[in-house]
Amino acid sequence: MRALGVFWALVTVLALAACGGGPGTVTAASTPHPTPTPRPTPAPTPSASPTPAPTPRPRTLPEPGNPAGGAAVPAAAQPVDTAHPTHVIGDGTPASCTSAAVVAAVAAGGIITFSCGPDPVTIVMQATAKVENTSAEVVLDGGGKVTLSGGGARRILYMDTCDPAQHWTTSHCQDQPEPRLVVQNLAFTGGNSTGQTYDGGGGGAIFDRGGQLKVINSWFTSNRCDPTGPDLGGAAIRALSQFDNLPVYIVHSTFRGGVCSNGGALSSIGVSWTVLNSVIAGNQAIGWGANPASSGTPGGGSGAAIYTDGDLYTVTVDGTLIKNNTAREGGGAIFFVSNDNTGTLRIQDSTLRDNPSRGFETAGYPGIFFHSTGHPVVAGSALS
């Protein structure tokens, strides 16, 4: 019946139009109209589906880290208050957020934030941002909207207290408290340190030797470093010589798709790590020949998620998911070697699954190669 009513209403409008009634007007008829001849009721025509409303653009990047992680975060690993920044990159538009602005701000040091507009933005780096060792602190806070991209061509962020090009500030560059480098609410993608061999290379997204490093609420995707080498690694992060053997803190962050000789996500020599409420997934260690390199091989291929080597150091993984990482040699999830047998590995309330070690691993600990005194400490965790 509703279709019939609509039909007659349409006929009436057409009739009015024929008598001079324009759109939006009503014109009185001079003569009565004949009664229209009844017509068969037309079959109802299915109404067209309404055009769906466009999906709103995201105003922030996806939430990083492991939402199921319940590890307590110590005061030393909390985010830095960036309400009063030293430098703001951008003037509120995406075009104002440039590689040159990032490089200049990092070199100047202090607390750095971004003003690039309301939507997520990617800044393709045309040069590596390098910390000057005269800075006490460098904090980069992307506000959950900024991605720094190496474009597959270069390392993104660099700090080395022992690099004279960045100025020596002490006589003990390998053990000094500053600069403190903090990365929070920021994404790194397409970093590539291949061929960057100073201080051993590695660190496709971030290379840090000296001072102190922590990473909070951040994303690392599709970063790379050299494909071979026995002790080279860290497609996302390479860390060396941290002050007073304090740990590198990785908090509520995500690492995916990294590829390197060793350490598809994280790598270090003689450095402690505390990894909390994070996700490390789908990374690869693609070198071959392990460490030391077997005869006739270039070496590498271990620790697809985390690669660590050294003497006295500690790795703690708590509230973290490590999955689907692949090592061509040992330690699809974690490669841990303490040469003097003083190092400790603790896995707490975490899940490690589907991390194949194509060459070797420690019996009873799937995805882990462990060399130190005793065994890894595993509590409240699932390894498979």
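Predicted model: local features only at pLDDT ≥ 70, side-chain atom pairs only at ≥ 80, totals over all residues.
## Basis of the model

Residues are numbered from 1 along each chain as its sequence is written.

## Overall architecture

The protein chain contains two helices and 28 strands; helices (H or I, at least four residues) and strands (E, at least two) are DSSP runs, numbered from the N terminus. Of its 384 residues, 48% are buried, a term that means under 20% relative accessible area, with exposed over 50% and partly exposed in between (1.4 Å probe, protein chains only).

Among contacts (heavy atoms within 4.5 Å) with a separation of 6 or more, 81% join residues 24 or more positions apart.

## Nonpolar cores

A nonpolar core is a set of buried Ala, Val, Leu, Ile, Met, Phe, Trp, Tyr and Cys residues joined through side-chain atoms within 4.5 Å. The largest has 56 residues, and Phe188, Ile237, Leu266, Trp273 and Ile334 have the most contacts inside it. Beyond its neighbours within four places in sequence, Ile237 touches residues including Ile206, Phe220, Phe255, Leu266 and Trp273. A second, separate core of six residues includes Ala71, Ile216, Val251 and Leu276.

## A three-stranded sheet

Strands β14, β18 and β22 form an open sheet in the order β14-β18-β22, with parallel pairing; two strands pair if DSSP finds at least two bridges between them. β14 (259–260) and β22 (326–327) are the edge strands, each with a single partner, so one side of each lacks a neighbour in the sheet. Strand β18 (residues 284–285) is joined to β22 by two bridges, and Gln284 stands opposite Thr326 in β22.

## Aromatic pairs

Rings of Phe, Tyr and Trp (its six-membered ring) pair if their centres lie within 6.5 Å; planes under 30 degrees apart count as stacked, over 60 as edge-to-face and the rest as tilted. The count comes to eight aromatic pairs. Tyr158 and Phe207 are stacked, because their ring centres are 5.6 Å apart and their planes at 20°. Tyr158 lies in strand β6 (residues 157–160) and Phe207 in strand β8 (residues 206–209), so this pair ties together parts 49 residues apart in sequence. Tyr158 is buried at 5% relative accessible area, and Phe207 is buried at 0%.

The rings of Tyr313 and Phe336 are tilted, with centres 4.7 Å apart and planes at 35°. Both Tyr313 and Phe336 are buried.

Conventions
Heavy atoms only, no water.
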